[in-house]
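I open this notebook to record what I looked up in one structure.

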Amino acid sequence: NKTTGDIGIALAEGTSNFLSAAKLTSASGGALVTGQDAAFTVNGGASLTSRTNTIGKESHGIEGLTLTALSTGSATVNVSNDTAPLKQAMTDFIDQYNKVQSLISVQTASSTDAKGVVTAGLLASDPQVAESARKLRSLAGSDVSELGSTLKRLESLGYKTDGYSNTISLANPGALENALTNSISDIQALFSDSAQGIASRIGNYLESLVGADGSMLRHRDAVSSQSAKIDEQLGKMERTVLAGQQTMFESFRRMEQTLAQINRQAAFFNQRFGVA
């Protein structure tokens with residue numbers, strides 16, 4: 001039978017008299033007892049309840065904590081943040097950032113050997129690539145003052161930037177550990193705030209560079225088009241040079257023929273007229 005807020009089960013006695021033996025009938029003193037929600041408090045706060053003995057976030061509001069109550073009484077549970085995944089994510093972010101900056105540095109660098117021969121990187125004369133390295137460094141190292149927290153830049157976490165290579169390194173591990181322990185929400189905002197977070201800003205900038213209509217892709221297409229035109233011009237020049245070369249060879253051949261004829265004529269006159 002169902003009543004408001006409670007669920008009951010109707011039992012009928014059979015030939016075995018099991019219900020009477022188990023004291024489950026009113027005649028034998030049995031009575032239906034409705035189960036109660038588990039009641040508990042956290043740190044002496046307001047009374048909370050759970051429909052089951054397995055108490056999760058939906059009951060106590062603590063992210064990642066699930067307890068099973070086996071008996072009445074009190075229990076001490078120490079809860080702390082698992083900072084390892086966040087720390088690894090930050091390390092991966094810095095590593096990938098440094099790889100991009102290192103690649104740009106290699107491709108835009110120039111070197112001079114002992115003989116004074118200069119070797120320029122493939123993109124050494126490309127100002128847009130050099131500007132992208134500067135912009136990335138600015139986005140990674142500048143303040144995020146709009147967040148209103150004590151962590152406003154990577155330096156607050158113990159990181160520093162290298163002005164020569166544009167790379168980032170961890171200079172003060174203690175500052176990072178302190179922030180992970182005491183300011184984890186500020187770290188998350190510093191990196192992932194949708195408007196001002198470091199990772200968000202860099203992600204938006206990279207999208208403007210290499211997204212579907214990114215400026216770097218347009219620049220690549222323009223360079224490719226320019227390269228194709230240069231190849232076409234070189235081809236025309238090679239054909240012109242080859243044609244000129246053939247003309248010069250033909251002129252030289254005729255000149256040799258003429259010179260040989262002149263020599264033969266000279267020999268004839270010498271022999272005919274006795275010219276010494």
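**Entry 1: whole chain.** I began with contacts (heavy atoms within 4.5 Å). Among those in the protein chain between residues at least 6 apart in sequence, 41% join residues at least 24 apart. I noted that this is a predicted model, in which local features need pLDDT of at least 70 and side-chain atom pairs count only at pLDDT 80 or more, while totals for chains, interfaces and linings use all residues. Residues are numbered from 1 along each chain as its sequence is written, and side-chain values use heavy atoms, with hydrogens and water left out.

I then looked up the secondary structure, taken as DSSP runs numbered from the N terminus (helices: H or I, at least four residues; strands: E, at least two). The protein chain has eight helices and ten strands. For burial I used relative accessible area with a 1.4 Å probe on protein chains only: buried is under 20%, exposed is over 50%, and partly exposed is in between. Of the 276 residues in the protein chain, 21% are buried.

**Entry 2: helix 7.** I checked the span of helix 7, residues 198-210. Its 13 residues reach 18 Å from the first C-alpha to the last, close to the 18 Å expected at 1.5 Å a residue; the expected span is 1.5 Å times one less than the number of residues. Buried in this helix are Ile-198, Ser-200, Arg-201, Ile-202, Tyr-205 and Leu-209.

**Entry 3: helix 4 against helix 7.** I took axes as lines fitted to C-alpha atoms, for helices over the stretch in contact, with angles from 0 to 180 degrees between N-to-C directions. The axes of helix 4 (residues 127-141) and helix 7 come within 9 Å and cross at roughly 160°. The two helices are therefore roughly antiparallel. In this scheme, angles under 35 degrees are roughly parallel, over 145 roughly antiparallel, 65 to 115 roughly perpendicular, and the rest oblique. The crossing of helix 4 and helix 7 is right-handed, that is, the near helix is turned clockwise from the far one by less than a right angle. Helix 4 contributes Glu-131, Ser-132, Lys-135, Leu-136, Leu-139 and Ala-140 to the contact, and helix 7 contributes Ile-198, Arg-201, Ile-202, Tyr-205, Leu-206 and Leu-209.

**Entry 4: helix 3 against helix 5.** I recorded an angle of about 135° between helix 3 (residues 84-108) and helix 5 (residues 173-182), with axes 11 Å apart. That makes helix 3 oblique to helix 5. This crossing is right-handed. Leu-86, Lys-87 and Met-90 of helix 3 meet Leu-176, Glu-177 and Leu-180 of helix 5.

**Entry 5: two asparagines.** Asn-43 lies in the loop between strand 3 (38-40) and strand 4 (48-50), and its 83% relative accessibility counts as exposed. Asn-166 also has a positive phi, near 65°. Asn-166 sits in the loop between strand 9 (159-161) and strand 10 (168-170) and is buried, at 14% relative accessible area. I noted for context that most residues other than glycine have a negative phi.

**Entry 6: Ser-169.** Ser-169 belongs to strand 10 and is partly exposed, at 33% relative accessible area. Ser-169 and Tyr-159 are ten residues apart in sequence and 5.6 Å apart in space, C-alpha to C-alpha. Leaving aside residues up to four places away in sequence, Ser-169 touches Gly-158, Tyr-159 and Lys-160.
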